[in-house]
Amino acid sequence: MSKIDRIFCAGFGGQGVMSMGQLLAYAAMLEEKEVTWCPSYGPEMRGGEANCSVTISDERIGSPLINNDASVGVFMNGAAYNKFIGKVMPGGKVFINSDLIDDANPRTDITYYRIPVNTIATELGKIQLANMVMLGAVNDQAHLVDQDMLLEAFKKVFGAAKEKFIPINKEALAKGAEAAAKMF
């Protein structure tokens with residue numbers, strides 16, 4: 001039986017939502033999987049709504065659209081969570097930035113991972129690592145791609161000039177995975 005994962009990521013521009021999606025998509029391509037990546041953002045670059053969907057499959061993908069059938073939801077702020085939580089199918093996994101989201105009335109038909117990504121990123125010395133912390137948590141618990149492939153994808157997506165940031169990004173991925181593993 002083939003495996004298909006539909007991942008929906010949302011937040012504000014500048015939170016690294018698109019980068020998370022690109023890294024996942026590229027890592028899956030490096031693993032020779034079928035992939036779609038569909039970005040969506042408003043006219044504002046920073047602070048405006050940003051979301052993307054990534055579909056990873058062992059077989060051809062019929063449609064890149066994710067309606068209400070995301071197997072994984074990733075939410076970096078409360079506005080995104082409130083607007084898009086309905087995209088996650090029953091039985092899905094939801095990863096929230098617990099530093100910015102108060103889910104006082106969570107759905108009971110999905111599994112939640114509350115990750116304090118801003119706190120962890122700040123402890124690492126750069127708030128800009130919040131998306132990598134989240135990506136580490138998501139990938140560890142949803143088993144999307146090999147973690148090393150994310151670092152290979154980093155090289156391809158951001159280029160040789162950014163390779164000097166691989167060690168801190170590797171640490172951020174590991175801290176996110178560690179935080180998610182402690183949830184259960």
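Trainee: How exposed is Lys3, buried or partly exposed?

Mentor: Lys3 has a relative accessible area of 35%, so it counts as partly exposed. Buried means under 20% relative accessible area, exposed over 50%, partly exposed in between (1.4 Å probe, protein chains only). This is a predicted model: local features need pLDDT of at least 70, side-chain atom pairs pLDDT 80 or more, while totals for chains, interfaces and linings use all residues. Residues are numbered from 1 along each chain as its sequence is written, and side-chain values use heavy atoms, without hydrogens or water.

Trainee: Which residue forms a salt bridge with Lys3?

Mentor: A salt bridge puts a side-chain nitrogen of Lys or Arg within 4 Å of a carboxyl oxygen of Asp or Glu. Lys3 pairs with Asp5, the closest N and O atoms being 3.2 Å apart. Asp5 is buried, at 9%. The structure holds eight salt bridges.

Trainee: Where do Asp69 and Arg6 sit?

Mentor: They form a salt bridge at 3.5 Å between the closest N and O atoms. Asp69 lies in the loop between β3 and β4, Arg6 in strand β1, 63 residues apart. Strands are DSSP E runs of at least two residues, helices H or I runs of at least four, numbered from the N terminus.

Trainee: How many residues of α1 are buried?

Mentor: Ten of its 14. Among them are Met18, Leu24 and Ala28.

Trainee: What span should helix α1 have?

Mentor: The expected span is 1.5 Å times one less than the number of residues. For residues 17–30 that gives 20 Å, and the end C-alpha atoms are 20 Å apart, which agrees. Glu32 follows α1, with a positive phi near 60°.
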